[in-house]
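Hello,

I am passing a structure on to you today, and I hope you enjoy looking through it. Please open it first and then read on.

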Amino acid sequence: MDPTTLIGPSSPLGYPAPYWFLITFKVLGFTLHMVPMHIWYAGVLLAMLLQWRGGEVGRQLSRRLMRPMPILIALGINFGIVPLLFTQVAYYKVFYPATILMAWPWVSIIVLLTLAYYGVYIYVAGLRTEGATIARWRQAVGWVTAAFFLLIGFFFSNAFSLMTNVRAWPDLWLRKSIGGAPLGTALNTEDPTLWPRWLMMFSLALTTTAVFIIVDAEWFAPQERPNYRAAARRAALMISTIGVIGFATTGSWYVFGTWPAELRESMFRGPLRALTGLTAISPGIPWLLILWQWRKGGTRARAVATAVAQVLVLAFNAISRQIVQNAELGQFLDVTVEPVRLQWSPLILFLLLFAIGLGVVAWMLRRLKAIRTSESG
Amino acid sequence: MHYPWWYVPFLTSPMLIAIISVLHVLVAHYAVGGGLFLAVETQYAYRYNHREYLAYLKEHAWFFILITVVYGAITGVGIWWTIGVASPLATQTLIHIFVFGWAMEYVFFVLEIVSAFIFYYFWGRLDPKTHVRIGWIYAGSAWMSLVLITGITAFMLNSGQWPEERTFWAGFLNPQFVPQVFARTGGAFLLASLYVYLHATFKAKDPALRDLIAARSARPALLGALLIILGGIGWYLALPESAKAALIAASTLNILVVLIFAVTIAVFFMLYLGPYRNPGWLSPGFAILFFTFGLVAITTGEYIREAVRKPYIIYNVVLGNQVYAEKVPELRRTGYLEGGTWTKAWVAHHYPQVLNNDRIDPAQLLALPEEDQVKLGEVLFLYHCNDCHAGRRGFSAVAQLIRGWTPDMVRTVVEHPEKAHFFMPPWAGTPEEAELLTKYLLRIAHPRPAGMYFGEEK
């Protein structure tokens, strides 16, 4: 079966905004989503490991990782809405079929996420009431939560790799359907890109979590004992090192072991070569900054520089992913050529509200800063 | 049908949307009304320097965050998940019309979540004026997100001028918009008070404080009940003919409408006589009863709202079986299997012999062996009917509905489902395809129950 016959017709409504606008928000939204998402994706598991085998400072670090988790999860889910929305606007022809083929795992994300989120709250409630010695059952909840997050990530990797792996659709469909209607139980596990993609995201998540530890230690941990910050830097360096090695390994596996030759050629040609190179080596920059702070000591400014560098790493990653996504889809469809019926007034209203919204958020955060200065002064 | 149809045994996949939507609205209304409650009451407690009330409100804010920020937010995202897989064409259409509506709503989500966390986590550290302001930022954003999403859901029930004008605003400012904003705002007020009662009877220990809460929260609840009734009347008046007819024709819906009005009125009087006039009556039992009433009213309201939309997902635009209403005549000419991306691929893969110049030849379908005709009948059933009917058993199972029918009766309904019941979509295939579906239905139909006696022919 020719897989392109499974791609439906274009929407008669056209895109509500030019493609570049949709894709800008998709990539920007995904970059922002990755920041908090990485911290819970790798952070919960790390916190459990540190609580289990971390010694005193390790447990301290574990607590500091877990305490802000409820807020990070709320923000991460919230930031995820934007890329998902724009994915559906611009990639509807492949997004819906892929998620329908794996509907049960896809929908189960909602259940897993609800349980994991409450799991985090249960654990954090224990931190508040039980302090350093968390009850056994809460620790068990923490481990299950960490596992759920990994599973959710796995399902996401499946959905987004299946979206471009149109070639696999016919077989998955014919094998798992009744009267032409998919059962929704497929997974994209036969796609060789799935595994390195999933592991690569986890490695990158480790590096983001390491940066978070640095920022947290410099900015939010003044009341911890003085040796804490040094220990946090050491831990961050270790975590970041593992993350960078993991990223290099899985990234090479992904690019050299699973990409078709044409894709590799196109990503290594002309100006894209610079982007591919930056995406590959940029995680080394925050790593070097962490190494430097481990040796020379940290300051608030250094922590901020590390965070900025990490956000750039994630942005390069998101842009490269976007280009690869379009290249992979290129053999089946071109998402950039849909007709556009620009919705001027809602678009402008949205941008206006967006600006006002940012202003209000800034106002609220300034109030918080005012308390901090008045409390410390 | 541009997409594969997800087969969910017994329930049918759109029922998953219904389930998760109900689970969501039960909390979503509280997320709006509870925000107003916290803003207004915190302001009040600060003004009279009521420390105990402030302490209670802080505790309530924590409960509020656990319920709305976690459960409310995830089930909201969950609706996205399920509509995408169980109703893809309608979702695609809504997204292309309203993406900026959702983007605007998103801005308010961000404000909600930031303000909610600041409101709770910086309790006692913010000066009262700022604290209350943050509460109002939350309440205002939450209500705006209600307004924005209501414009979109109301559009599905009555698309108004959109089919002619095809603009964002023609869709957003549809006839159902204002009535539904009223009804939902009322629902938010009422439900929030019921959550407050439930929480307060367990958590507010001091009887005087409990009485204060009971009396103060009775007012928005009474106002909410009024708004629901007003909005409900407006909702009814702005319904398309077909939805009104469905409401009147279907006995269950009829009963439900009476039920929802009765429950709302009962809650109104109970609120008036109870917490408003005699705050001391408020006990855990009373609060649980109230709360249950509220959940029942909201659940039935949502159920009716969904049910009367049939045969459309989006009135006059997208049909329940995921085809555009305007495409029906063309599908009747060229065939339902030919018109669907995945059904066409299925036929081409399994029965290449029926293709003629790369198009499905309807006459050839009837030349297939009997078993294959039945199999294709099943494909037609799943893609044309399974969004409302399970097959052999389950939700509105068609094999049960046609129990004991003659082949002609089945054929008549298949050829003119919209005439058998106006809330079914019209047959959108060729006569030959109707024959295939009839064969399939006769194959799965349960036999007439045995042992029924009607006298004997002499």
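This is a predicted model: local features need pLDDT of at least 70, side-chain atom pairs count only at pLDDT 80 or more; totals for chains, interfaces and linings use all residues.

**The chain as a whole**

Chain B contains 20 helices and four strands. Along the principal axes, its C-alpha atoms fill a box of roughly 85 × 60 × 35 Å. Of the 458 residues in chain B, 59% are buried. The accessible surface of this chain is about 18200 Å², and carbon and sulfur atoms account for 64% of that surface. Contacts also reach across the sequence: taking those in chain B between residues at least 6 apart, 72% link residues at least 24 apart.

**Helices H2 and H3**

Two packed helices are described by the angle between their axes and the distance between those axes. For helix H2 (residues 51-86) and helix H3 (residues 88-121) of chain B, the axes come within 12 Å and cross at roughly 165 degrees. An angle over 145 degrees counts as roughly antiparallel, so H2(B) is roughly antiparallel to H3(B). The crossing of H2(B) with H3(B) is left-handed.

By class, the contact of H2(B) with H3(B) comprises 16 nonpolar, two polar and one charged residues.

**Helices H8 and H9**

How do the axes of H8(B) and H9(B) cross? Helix H8 (residues 207-237) and helix H9 (residues 241-249) of chain B have axes that come within 9 Å and cross at roughly 110 degrees. Angles of 65 to 115 degrees count as roughly perpendicular, which means that H8(B) is roughly perpendicular to H9(B). Here B:Trp235, B:Tyr236 and B:Leu237 of H8(B) meet B:Lys244, B:Leu247 and B:Ile248 of H9(B). Five of the residues in this contact of H8(B) with H9(B) are nonpolar, none are polar and one is charged.

**A residue to look up: B:Glu457**

Is B:Glu457 buried or exposed? Its relative accessibility is 82%, so B:Glu457 counts as exposed, the cut-off being over 50%. You will find B:Glu457 in the segment after helix H20 (431-444) of chain B. Between the C-alpha atoms of B:Glu457 and B:Lys205 there are 76 Å in space, and the two residues are 252 apart in sequence.

Technical notes
Residues are numbered from 1 along each chain as its sequence is written. Chains are lettered from A and ligands numbered from 1 in the order in which they are written. Side-chain values use heavy atoms; hydrogens and water are left out. Axes are lines fitted to C-alpha atoms, for helices over the stretch in contact, and angles run from 0 to 180 degrees between N-to-C directions. Helices (H or I, at least four residues) and strands (E, at least two) are DSSP runs, numbered from the N terminus. Angles under 35 degrees count as roughly parallel, over 145 as roughly antiparallel, 65 to 115 as roughly perpendicular and the rest as oblique. A crossing is left-handed if the near helix is turned anticlockwise from the far one by less than a right angle, and right-handed if clockwise. Ala, Val, Leu, Ile, Met, Phe, Trp, Tyr, Cys and Pro count as nonpolar, Asp, Glu, Lys and Arg as charged, and the others, Gly among them, as polar. Buried means under 20% relative accessible area, exposed over 50%, partly exposed in between (1.4 Å probe, protein chains only). Contact means heavy atoms within 4.5 Å. Accessible areas come from the Shrake-Rupley method with a 1.4 Å probe; for residues, only the protein chains shown count as cover.
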